[in-house]
Amino acid sequence: MTIHRNIKLIGWLNFCNDFRIYSAIAVLYFTQVTGSFALGLGVFSIGKIASAIFEVPTGVLSDFVGRRMTVVLGQASSVLAIICYAIGGSFTFLAIGAILEGLSSAFFSGNNSALLYDSLKEEGQEEHYSEHEGKTSSMFQVALGISALIGSFTLGFESFQFLFWLSVIPQVVGFILAFRLIEPKRHYEVIQTNVFSHLKEALKKFKENAKLRTLSFAQIFGYGIGESMHEFSPAFFATLWP
């Protein structure tokens with residue numbers, strides 16, 4: 001019962017989480033609100049930085065409060081994030097939304113995969129993890145594709161802001177679905193530890209290991225530049241192509 005319900009729900013949660021009708025016009029809306037392309041892209045930057053900052057604390061929290069509750073907290077953060085975006089009005093609201101979105105991303109990072117693995121392990125089917133991870137993760141792309149089509153048609157009749165309010169609905173559905181998850185048995189021992197000591201040790205290793213620094217900076221710059229180009233492309237199409 002646990003395994004089948006959780007696998008199905010994780011797939012639909014992934015779908016709801018990435019069903020963001022505003023995705024294709026986010027930078028245009030942020031720029032419209034802030035009056036600056038730099039500040040518009042800055043909203044995305046705040047979200048990514050927040051996600052990195054919250055990554056370790058939320059990972060530790062997941063071990064203590066459980067996988068199910070961590071998903072609930074992540075979905076709640078996602079709902080609040082898009083509501084802040086939809087309210088808009090100023091850079092402050094957009095920045096708060098970005099921080100909440102970063103928090104949501106950190107809650108889901110690692111936790112949802114662990115939830116899937118623990119659910120499979122409870123039924124002795126952990127060897128099928130890759131298969132189910134692939135199937136549930138594919139729902140992200142399905143959601144993005146469908147939401148992009150809906151967004152493109154809706155934008156012909158409604159404002160940018162309306163697309164954000166419309167995007168709140170699937171997040172609320174995801175929040176409701178999160179409560180239907182079943183907490184799997186814990187297959188590990190929670191070790192009482194200090195988050196800050198782990199962070200200190202990680203920074204020490206980063207300082208001492210030249211190869212680790214090189215790989216990290218390569219990935220940081222590669223992802224950062226690539227993601228900026230991706231998020232900024234709608235502005236390019238909207239301003240230069242006409």
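**Close-up 1. An aromatic cluster in the predicted model.** Ring pairs join Tyr22, Tyr29, Phe30, Phe44, Tyr85 and Phe164 into a cluster, and the coordinates belong to a predicted model. Across the structure as a whole there are 14 aromatic pairs. One of them is formed by Tyr22 and Tyr85, whose ring centres are 6.4 Å apart and whose planes stand at 70°, so the pair is classed as edge-to-face. Because Tyr22 lies in the loop between α1 (2-18) and α2 while Tyr85 lies in helix α4, the pair ties together parts that are 63 residues apart in sequence. Tyr22 counts as buried, with 4% relative accessibility, and Tyr85 is likewise buried, with a relative accessible area of 2%.

**Close-up 2. The largest nonpolar core and the surroundings of Ile25.** Nonpolar side chains tend to be buried together in soluble globular proteins. The largest nonpolar core here has 24 residues, of which Tyr22, Ile25, Phe30, Tyr85 and Phe164 touch the most other members. Two or more residues of this core come from each of α2 (26-34), α3 (37-65), α4 (67-87), α5 (91-108), α7 (129-154) and α8 (160-178), and α2 gives the most, with five residues. When residues up to four places away in sequence are not counted, Ile25 touches Leu155, Phe160, Leu163 and Phe164. Apart from this core lies another, of 15 residues, which includes Ile10, Leu13, Val71 and Val72.

Close-up 3. Leu61, Phe64, Val65, Met69 and Leu73 form a nonpolar surface patch, and their accessible area together is about 360 Å². Helices α3 and α4 each supply at least two residues of the patch, the largest share, three residues, coming from α3. Phe64 is placed in helix α3 and, at 40% relative accessibility, counts as partly exposed. Leu73, by contrast, has its place in helix α4, and with a relative accessible area of 31% Leu73 is also partly exposed. Leaving aside neighbours within four places in sequence, Leu73 is in contact with Leu61 and Phe107. The C-alpha atoms of Leu73 and Phe107 are separated by 7.2 Å, although these residues are 34 residues apart along the chain.

**Close-up 4. A salt bridge between Arg20 and Glu101.** Side chains of opposite charge can pair when their charged atoms come close. A search of the whole structure finds four salt bridges, and one of them joins the side chains of Arg20 and Glu101, with an N to O distance of 3.0 Å. This pair links distant parts of the chain, since Arg20 is in the loop between α1 and α2 and Glu101 is in helix α5, 81 residues apart. Arg20 counts as buried, at 8% relative accessibility, whereas Glu101, at 27%, counts as partly exposed.

Close-up 5. The side chains of Arg67 and Asp118 meet in a salt bridge, the N to O distance being 3.4 Å. Because Arg67 lies in helix α4 and Asp118 in helix α6, the pair ties together parts that are 51 residues apart in sequence. Both Arg67 and Asp118 are buried. Asn111 is found in helix α6 (residues 111-122) and counts as buried, at 3% relative accessibility.

Close-up 6. Lys135 forms a salt bridge with Glu131, the closest N and O atoms being 3.0 Å apart. Because the two residues are four residues apart in helix α7, Lys135 and Glu131 are separated by about one helical turn. Glu131 is partly exposed, with a relative accessible area of 40%. Elsewhere, salt bridges that share partners join Asp63, Arg67 and Asp118 into one network.

Definitions and conventions: Residues are numbered from 1 along each chain as its sequence is written. This is a predicted model: local features need pLDDT of at least 70, side-chain atom pairs count only at pLDDT 80 or more; totals for chains, interfaces and linings use all residues. Side-chain values use heavy atoms; hydrogens and water are left out. A nonpolar core is a set of buried Ala, Val, Leu, Ile, Met, Phe, Trp, Tyr and Cys residues joined through side-chain atoms within 4.5 Å. Buried means under 20% relative accessible area, exposed over 50%, partly exposed in between (1.4 Å probe, protein chains only). Contact means heavy atoms within 4.5 Å. Patches are made of residues with over 30% relative accessible area and no salt bridge: like charges are joined within 9 Å, nonpolar side chains (Val, Leu, Ile, Met, Phe, Trp, Tyr) within 5 Å. Accessible areas come from the Shrake-Rupley method with a 1.4 Å probe; for residues, only the protein chains shown count as cover. Rings of Phe, Tyr and Trp (its six-membered ring) pair if their centres lie within 6.5 Å; planes under 30 degrees apart count as stacked, over 60 as edge-to-face and the rest as tilted.
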